[in-house]
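Reader: Could you walk me through this one? I'd like to go from the overall layout down to individual backbone details.

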Amino acid sequence: MKHESVEINAGLLIVLTLTVISIGGLVEIVPLFHIKDTVEEVKGVRPYTPLEQRGRDLYIREGCYACHSQMIRPFRDEFLRYGHYSLAAESKYDHPFQWGSKRTGPDVARLGNKYSDQWHTEHLVKPQALVPESIMPAYPWLLKNDLKYDDIENRMRALKATGVPYSLTADEYQANVTNFGQAMADKLHIPNAKATLEAEAKGRNWDGDKDRITEMDAMVAYLQMLGTLVDFKKYDQGYFASFR
Amino acid sequence: MALSSDKKPGQVETTGHVWDGDLREYNNPLPRWWLWTFYATIVFAVVYWIMYPAWPVFKTFTPGMASLTIEQDGKEVQVPWNSRNLFIQEMQSSPAAVRQREFTEKVSNASFEQIIADPNMLAFARSMGAGLFGDNCAACHGQGGQGNLPSYPSLADNEWLWGGSFEMISKDLQNGLKGNMPAFPSVKGEALTDLANYVLSMSGLEVDAASASRGKAGFAMCAACHGVDGKGNPMLGAPNLTDMAWSNLDMMGAQNVDAKRKMVEHVVTNGIQREMPGFSNRLTPVEIKMLTVYVHELSGGQ
């Protein structure tokens, strides 16, 4: 076939262009779906509980990702400031993930348990009250708004469709008991979701008011578990390097 | 370089396409420097594929031939080049890491008293402590440790709710703290006013003397934690009420004695719950040690 016939025939040009781009794309992307070697095998990583997942939705709704990444890179300076670098396994249940390098605010990948619940609540209501030099905007409505969670089961079903192991059937529940323990499996069971969320919100004094379930409860619950699932004291650095 | 407009037809080859009967397209060669740069990038890519992790292959990938030397179990070993092994190498042997390790090892083996006595170790612990404080403590206690009342006490005054010795500061940094004063909603009306006045009088404030003396009896229930003389108890984190430090209340912000009294009444009625997280999972023992020295130094310590 002469090159000229491709150039003067728009239909053929489109078909051939799409073919070339598709091959390029498939060669780059498809093998990544099959690489198992790069996701670390670590204990402790689990899906988000209903309250945490609602908090994560709010995190995305409020656009926190625009200023805060959740990805600590393997550099000494980042290690000293933020802690151990992030593992692929740690975000395997994240949809969408919150990686990135845009840091107007600090990275929050290991924010969990660093500050008190009270601090998070006060800080989100008015950051400058605690950190005068902060340029973070205030999110006072999180404390005012009641948390909407009547659709939590559907949210979990949607995540389940992407591969997050929330359970619907007895078999799936049993698998979760094996993988995550009885207490966590109960929380990951979709039919229990509403009751689980209510118990989580009232079981700890997230926002200073145990009786009311606010958006702040969910947000603080999410922030307080970030990066806390893997116990890095159990692994040596060489182990993680073997997955690269 | 000749512009194509300077050229006459026939001097440069055309692509052979003809539009509208006489429009032709010159087939000018690419500038040589550009073409050779392009070939060089191709060669670079091939070398890169061979040297570094590159191609996905079924369930694994080509790890590349480049290697790094790191220390493992006391021996030097060769490992494949990748960002994580590079990180291990950086942690082990980057100039900054080596220089710091010299001091962290010294600090790690020294007692608090030895660190304070040695100007080099002290300077190192101070500057490392300042960084650690900024990353971990300043969000609550302020950049200079000035605190943020009512919830986050000052670390820069010399009043220590939970004890200000090196050992106590170090223990609290590791395990965190839970401060809890129970609420006394049953104390109401005049009894509450009298009690609050008595508490204020302990630190020498001018209050209604008659009311304060009536409140003294009510203080018996407070004495369990704050002591009969109101001097507090660092084992329980119960503050000294006689020293005017007011680690829980923004007394300096109060307009007058009435406003100060209302603050005390509020605490009696509602109690106080405060929490500081522990840092033993986040910081290494030597980091805790240097941070302890820094926090101790903020106010002189005990």
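**Layout and local detail**

Author: This is a predicted model, and in it the centres of domain 1 of chain B and domain 2 of chain B, taken over C-alpha atoms, are separated by 81 Å.

Reader: Which residues belong to domain 1 and domain 2 of chain B?

Author: Domain 1 of chain B covers residues 9-42, and domain 2 of chain B covers 127-299.

Reader: And for chain A, what are the domains, and what distance separates their centres?

Author: The assignment for chain A gives domain 1 as 3-34 and domain 2 as two segments, 50-66 + 109-241. The centres of these domains of chain A, again taken over C-alpha atoms, are 43 Å apart.

Reader: How many helices and strands does chain A have?

Author: Chain A comes to 13 helices and zero strands, and its C-alpha trace spans about 75 × 50 × 40 Å along the principal axes. Of its 244 residues, 32% count as buried, and among contacts in chain A with a separation of 6 or more, 71% are between residues 24 or more positions apart.

Reader: Let's look at helix packing there. At what angle do helix 8 and helix 11 of chain A cross?

Author: The axes of helix 8 (residues 152-161) and helix 11 (residues 193-203) of chain A come within 8 Å and cross at roughly 110°, which means that helix 8 of chain A is roughly perpendicular to helix 11 of chain A. On the helix 8 side the contact is made by I152(A), E153(A) and M156(A), and on the helix 11 side by A193(A), K194(A) and L197(A).

Reader: How do those contact residues divide by class?

Author: The residues in this contact of helix 8 with helix 11 of chain A are four nonpolar, no polar and two charged.

Reader: Switching to the interface, how many residues of chain B are in contact with chain A?

Author: On the chain B side 27 residues take part, and they are in contact with 25 residues of chain A. The elements of chain B that each give two or more residues to this side are strand 4 (60-61), helix 2 (83-93), helix 6 (138-141) and strand 8 (272-276).

Reader: Which of them gives the most?

Author: Helix 2 of chain B does, with seven residues. By class, the side of chain B that touches chain A has 13 nonpolar, eight polar and six charged residues.

Reader: Now the helices of chain B itself. What is the count of buried residues in helix 1?

Author: The count is zero among the 20 residues of helix 1 of chain B, so this helix is hardly covered. The end C-alpha atoms of helix 1 (residues 32-51) of chain B are 28 Å apart, which agrees with the 28 Å that its 20 residues should span at 1.5 Å a residue.

Reader: And in helix 12 of chain B, which residues are buried?

Author: In helix 12 of chain B the buried residues are E287(B), K289(B), M290(B), L291(B), T292(B), V293(B), Y294(B), V295(B) and H296(B). Their cover includes helix 3 (95-109), helix 4 (112-117), helix 5 (119-136) and helix 7 (166-175) of chain B. Helix 12 (residues 285-299) has 15 residues and reaches 22 Å from its first C-alpha to its last, close to the 21 Å expected.

Reader: Is D73(B) buried or exposed?

Author: D73(B) counts as exposed, because it has 7 C-beta neighbours inside 10 Å.

Key. Residues are numbered from 1 along each chain as its sequence is written. Chains are lettered from A and ligands numbered from 1 in the order in which they are written. This is a predicted model: local features need pLDDT of at least 70, side-chain atom pairs count only at pLDDT 80 or more; totals for chains, interfaces and linings use all residues. Axes are lines fitted to C-alpha atoms, for helices over the stretch in contact, and angles run from 0 to 180 degrees between N-to-C directions. Helices (H or I, at least four residues) and strands (E, at least two) are DSSP runs, numbered from the N terminus. Angles under 35 degrees count as roughly parallel, over 145 as roughly antiparallel, 65 to 115 as roughly perpendicular and the rest as oblique. Two residues are in contact if their C-beta atoms, placed from the backbone, lie within 7 Å. Ala, Val, Leu, Ile, Met, Phe, Trp, Tyr, Cys and Pro count as nonpolar, Asp, Glu, Lys and Arg as charged, and the others, Gly among them, as polar. The expected span of a helix is 1.5 Å times one less than its number of residues. A residue is buried if 20 or more other C-beta atoms lie within 10 Å of its own, exposed if 12 or fewer, and partly exposed in between; C-beta atoms are placed from the backbone. Domain bounds come from an automatic or database domain assignment.
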